[in-house]
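Opening the notebook for this one.

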Amino acid sequence: MQTEEKRESIEEKKEERMEMPVSEALEQGPGKAPVSGAEISVHDTENGHPSEDVYILAIESSCDETAASVVKNGRTVLSNIISSQIDLHTLFGGVVPEIASRKHIEKINQVIEEALTEAHMSLEEMTAIAVTYGPGLVGALLVGVAEAKALAYAAKKPLVGVHHIEGHVSANFIENPDLEPPFMCLIVSGGHTHLVIVKDYGEFEILGRTRDDAAGEAFDKVARAVGLGYPGGPKVDKAAKEGNPHAIEFPRAKVGDNPYDFSFSGLKSAVLNYINHAKMMCEEINVPDLAASFQNAVVEVLVSRTIEAAKQHGYKRVAIAGGVASNSALRAGMEKACKEAGIQFFHPSPIFCTDNAAMIGAAAYYEYKKGARAGWDLNAVPNLKLGER
Ligand code: KG4
Ligand code: ZN
């Protein structure tokens with residue numbers, strides 16, 4: 001979050017750097033960030049050999065958050081700066097792509113500078129630059145991709161392109177140093193609902209996916225219909241805390257031939273019908289009860305299918321990822337079900353569930369280690385599929 005205080009501190013540090021005498025700057029050497037605080041450098045040596053540590057500057061701009069982060073060795077987050085455009089899009093009841101791109105352009109340099117400053121590192125000290133190149137809004141993605149290419153070219157750093165959803169999955173590595181593939185992962189975001197086996201870093205077997213709306217999309221549409229506004233997920237989550245999850249019986253859709261596929265459009269229609277019927281009868285809608293009952297229907301399906309898949313495929317570790325993974329009922333439901341089934345449950349902190357660049361830095365580390373490097377022709381791929389490169 002961009003606060004006035006932080007902006008001021010960046011400005012102060014910028015001034016400090018500009019005021020530094022040339023001789024002092026030279027003494028500090030090219031590998032050191034000329035800012036106060038703990039100084040970390042890739043040129044630090046162990047037994048006279050260059051350190052093997054990998055520092056990645058990661059950039060994320062696929063939707064309505066402009067984000068940058070410095071991540072060390074894929075698991076240690078040195079900074080995580082997120083400039084959210086939520087207030088702006090709230091006026092329109094959803095993300096307006098054109099406005100999102102324009103805001104990214106305005107914010108991206110400031111956010112990157114803040115990420116480096118907070119990490120007490122310089123661009124020169126980065127091992128690589130990573131960026132989300134898909135899926136997402138094309139204009140929004142292009143801002144991050146163009147920025148990352150420019151920085152990598154100017155600073156002569158390798159460039160790593162990251163899949164946004166792979167980033168969401170990798171958010172689990174940040175706070176769980178012992179988590180390693182293989183494990184089962186439920187990915188639930190605004191645009192995606194996937195049940196996958198994470199076979200290795202960046203390698204997925206998709207067991208199931210949504211046939212229609214993504215889980216987050218269902219939250220957003222129901223929130224709008226009931227007058228809670230945008231962004232829907234957090235608002236439904238909050239309203240549901242005051243409601244009875246068993247007040248209204250909504251359908252739990254089963255999808256014919258694949259037991260691990262999801263469908264949320266029937267549930268969404270049932271909620272809309274309920275609202276329309278109540279309006280026609282001039283009955284007042286109990287919003288907390290409706291929110292809690294809808295949320296319960298979504299959570300029950302997500303939890304039961306994930307646990308079933310883990311049992312069927314013999315996985316003892318389950319993780320959740322994506323914006324909806326910050327939902328309090330989903331976290332509690334999954335925690336309980338995993339405990340009962342003797343499965344270890346992993347989930348990122350809410351700040352790493354919704355869009356951020358730290359998760360991109362985590363995913364990029366494993367790509368970088370595998371030797372993945374993007375060329376100067378890296379482009380935004382708005383409908384990039386999971387597992388595609
Ligand atoms: O992962 P994300 O930040 O962006 C995408 O990649 O799509 O996910 C955004 C989605 C939105 O649909 C939002 O309503 C939902 O995640 N979301 C939530 C919660 N927080 C965010 N859904 C339910 N409960 C929440 N607490
Ligand atoms: Zn996302």
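How many of the five residues of strand β11 (residues 317–321) are buried, and why is β11 largely enclosed by the rest of the structure? I looked it up: five of the five are buried, so β11 is largely enclosed. Buried here means 20 or more other C-beta atoms within 10 Å of the residue's own, with exposed at 12 or fewer, partly exposed in between, and C-beta atoms placed from the backbone.

Housekeeping: this is a predicted model, where local features need pLDDT of at least 70 and side-chain atom pairs count only at pLDDT 80 or more, while totals for chains, interfaces and linings use all residues. Residues are numbered from 1 along each chain as its sequence is written, and chains are lettered from A and ligands numbered from 1 in the order in which they are written.

Helices (H or I, at least four residues) and strands (E, at least two) are DSSP runs, numbered from the N terminus. I checked which way the β11 side chains go: Arg-317, Ala-319 and Ala-321 point one way, Val-318 and Ile-320 the other.

Next I looked for pairing, which takes at least two DSSP bridges between two strands. Strand β8 (residues 183–188) pairs with β11 in the parallel sense over four bridges, and Cys-185 sits opposite Ala-319. Strand β12 (residues 344–346) also runs parallel to β11, joined by three bridges, with Phe-345 opposite Val-318.

From β11 I followed the chain through helix α11 (residues 328–341) to β12, and the three make a right-handed β-α-β unit. Right-handed means that, with the strands pointing away from the viewer, the path from the first strand over the helix to the second runs clockwise.

**Entry: ligand 1**

I listed the shell, counting a residue as near if its C-beta atom, placed from the backbone, lies within 6 Å. There are 20 residues around ligand 1, and Gly-190, Gly-216, Gly-233, Gly-323 and Asn-327 come nearest. The elements giving two or more residues are α7 (215–225) and α8 (232–240), and α8 has the largest share, four residues.

I then checked α8 itself: seven of its nine residues are buried, including Gly-233, Lys-235 and Asp-237. Its buried residues pack against α7, α10 and α11, where contact means C-beta atoms, placed from the backbone, within 7 Å.

Terms used. Contact = placed C-beta atoms within 7 Å.
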